[in-house]
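This briefing is meant for a reader meeting the structure for the first time. It takes up helix packing and then strand pairing, topic by topic.

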Amino acid sequence: MQNINENDFSKIDLNLVIVLLVMFEVRSVTLAANRLYLGQPAVSAALKRLREMFGDALFVRTSQGMTPTPRAEQLVQQFTPLVQDLHRVIFTPTAFDARHDSRTFRIGMSDWLEQWLMPELLSELALTAPKIDIKVVAADPWQAIPLMEQQQADVVVTVGDEASRDLTREKIARAGFRTLWSAQQIAVKKLTLEAFVRHDHALVSYRGASESALDRELQQQGKARHVRYVTPHFSSLPLLLKQLPLFATVPQGLVDPWREHYDLQAAPVPVKMPDYELSLLWHNAQHDDPANRWLRDRLRGLLLTKAR
């Protein structure tokens with residue numbers, strides 16, 4: 001706080017200001033005591049402290065009651081709006097009106113979650129929250145925790161189960177994987193394990209690894225696949241599948257739009273694959289913020305609907 005010496009406030013009892021305002025209104029120690037549910041001696045003691053604080057009598061006894069001095073009138077004029085503002089800050093809950101408030105939310109997510117979720121979220125917001133803007137922040141599962149610990153996003157949509165004492169993770173839904181390919185590149189009507197390992201694969205790896213849990217499952221069955229292409233981005237896969245004889249195993253949320261827009265084939269993965277768990281992640285400092293709660297509600301509902 002600029003130009004404020006915080007130590008000055010240690011000498012001040014803000015209740016004295018309330019006594020001053022009530023005394024100015026009722027012009028009587030007795031009536032002020034009744035209004036404040038205090039004894040008359042307590043109000044008299046408060047008035048004595050006020051006089052010492054401001055070096056002024058503040059109120060003088062006359063036939064019309066306790067008449068304020070010019071200094072008291074000046075103080076009341078200055079204090080009244082401050083106390084009203086203080087009362088509003090303390091006792092008026094922070095509200096968020098999505099239909100009328102302007103706000104930019106930062107949502108952390110990987111590119112496949114952005115493809116899967118954002119078109120529907122933005123369509124909903126265009127109707128129900130037209131002044132809300134969205135900024136997507138790149139956040140793969142390894143980036144999610146440090147991103148939120150540094151509060152570089154309002155909410156992260158992620159997979160995995162990494163934890164931090166500074167954050168809250170809410171697990172929303174589970175979903176699985178599907179394998180995609182182009183019928184013009186790979187002439188397979190029913191995806192078998194033999195066909196799966198016979199052709200090359202494209203793999204999404206955020207850390208550049210050339211194998212995944214799928215490869216470990218293949219090894220247990222005495223099989224192996226050849227990963228020809230590794231990328232940290234799902235968005236490059238559809239066009240690659242259209243032009244090359246490759247399989248790509250992707251989250252099931254991408255399957256329907258990719259089949260529709262790129263005329264790809266899809267089938268269950270021919271080996272056992274663990275499901276992924278979709279979560280919301282937010283900083284504990286944002287837990288009770290009305291705007292952040294509203295955003296989490298929107299994302300939670302969208303994830304539950306899309307993961308069915």
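In this predicted model, helix H5 (residues 111–128) and helix H11 (residues 290–306) have axes that come within 11 Å and cross at roughly 125 degrees. Because angles of 65 to 115 degrees count as roughly perpendicular and only those over 145 as roughly antiparallel, H5 and H11 are therefore described as oblique to each other. The points below begin with this pair of helices, go on to a second pair, and end with a sheet.

**Helices H5 and H11**

- The crossing that H5 makes with H11 is right-handed.
- On the H5 side the contact is made by Trp116, Leu117, Glu120, Leu121, Glu124 and Leu125, while H11 contributes Trp294, Arg298, Leu299, Leu302, Leu303 and Lys306.
- Sorted by class, the residues of the contact between H5 and H11 comprise eight nonpolar and four charged residues, with no polar ones.

**Helices H1 and H4**

- Helix H1 (residues 15–26) and helix H4 (residues 70–91) have axes that come within 10 Å and cross at roughly 115 degrees, and the crossing of H1 and H4 is left-handed.
- From H1, the residues Val17, Ile18, Leu20, Leu21 and Phe24 meet Glu73, Leu75, Val76, Phe79, Thr80 and Val83, which belong to H4.
- The residues of the contact of H1 with H4 fall into nine nonpolar, one polar and one charged.

**Strand S10 and its partners**

- Strand S7 (residues 177–181) pairs with strand S10 (residues 246–251) in the antiparallel sense, over four bridges, and within this part of the model Arg178 has Val250 of S10 as its bridge partner.
- Strand S8 (residues 200–204) also pairs with S10, here in the parallel sense and over three bridges, and Asp200 stands opposite Leu246 in S10.
- Strand S10 itself is mostly covered, with six of its six residues buried.

Definitions and conventions
Residues are numbered from 1 along each chain as its sequence is written. This is a predicted model: local features need pLDDT of at least 70, side-chain atom pairs count only at pLDDT 80 or more; totals for chains, interfaces and linings use all residues. Side-chain values use heavy atoms; hydrogens and water are left out. Axes are lines fitted to C-alpha atoms, for helices over the stretch in contact, and angles run from 0 to 180 degrees between N-to-C directions. Helices (H or I, at least four residues) and strands (E, at least two) are DSSP runs, numbered from the N terminus. A crossing is left-handed if the near helix is turned anticlockwise from the far one by less than a right angle, and right-handed if clockwise. Contact means heavy atoms within 4.5 Å. Ala, Val, Leu, Ile, Met, Phe, Trp, Tyr, Cys and Pro count as nonpolar, Asp, Glu, Lys and Arg as charged, and the others, Gly among them, as polar. Angles under 35 degrees count as roughly parallel, over 145 as roughly antiparallel, 65 to 115 as roughly perpendicular and the rest as oblique. Two strands pair if DSSP finds at least two bridges between them. Buried means under 20% relative accessible area, exposed over 50%, partly exposed in between (1.4 Å probe, protein chains only).
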